[in-house]
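Morning, everyone. Please bring up the structure on your screens.

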Amino acid sequence: MEWNSDFSTDLEFAKQAEKYTKIELKKKYPNTKRITGYHKEYDIIVPEVDKTIEVKSDRRTKETGNLFIEYESRGKPSGISTTKADVWFYYIEPTDFKQVIMIRTDVLKKLIKDNKFQKVKGGDNNTSWGYLIPKDKVL
């Protein structure tokens with residue numbers, strides 16, 4: 001599919017990634033639940049291990065080699081600034097879900113704090129700001 005920064009297109013990819021993550025986690029943790037609707041703190045809860053997960057999918061990471069970690073949207077804190085998730089699942093190729101980076105949120109925040117990653121506009125019609133992190137920095 002051709003890249004498009006349209007919100008509805010991005011939202012559909014995000015929903016697919018969340019659904020896939022829930023299905024896979026339920027195989028080991030049957031009580032896994034996906035939070036539907038707007039919930040900026042996290043996307044999935046796994047009660048058996050008392051963990052919460054933020055799910056991200058980025059159709060451009062494979063092309064650019066970078067992760068876009070949002071910290072602000074429409075002038076308000078968002079993404080890494082507001083998450084309460086224990087772990088981030090970041091899908092590199094959201095159309096097949098074969099490449100995922102799993103990183104603890106505290107480790108991701110420390111990585112951002114300890115580096116001077118480029119800050120760029122992105123997301124829905126460039127209304128968000130995020131850190132551009134080379135994929136190899138989190139692998």
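β8 and β9 run antiparallel, and five bridges join them. β9 covers residues 128-134. For a landmark, find lysine 119: its bridge partner in β9 is tyrosine 131. Keep in mind that this is a predicted model.

Now helix α3, residues 105-114. It packs on this sheet, where it touches β4 and β9. The direction of α3 makes about 90° with that of β9.

Zoom out to the whole sheet. Four strands, open, in the order β5-β4-β9-β8. The pairing is antiparallel. Which strands stand at the edges? They are β5, residues 76-77, and β8, residues 118-122. Each has a single partner strand, so one side of each has no neighbour in the sheet.

A quick reminder on pairing. Strands of a sheet pair through backbone hydrogen bonds, either parallel or antiparallel.

On to the other sheet. This one is open too, with five strands in the order β1-β2-β3-β6-β7. Here the pairing is mixed. At the edges stand β1, residues 33-34, and β7, residues 100-104. Each of these has a single partner strand, so one side is left without a neighbour in the sheet.

Look at β6, residues 87-91. Five bridges join β6 to β7, and the two run antiparallel. Tryptophan 88 stands opposite isoleucine 103 in β7.

And what does α3 touch in this sheet? It packs against β6 and β7, and its direction makes about 85° with that of β7.

Note on methods
Residues numbered from 1 in each chain as written. Predicted model: local features only at pLDDT ≥ 70, side-chain atom pairs only at ≥ 80, totals over all residues. Heavy atoms only, no water. Pairing = 2+ DSSP bridges. Contact = heavy atoms within 4.5 Å. Axes fitted to C-alpha atoms, helices over the stretch in contact; angles between N-to-C directions.
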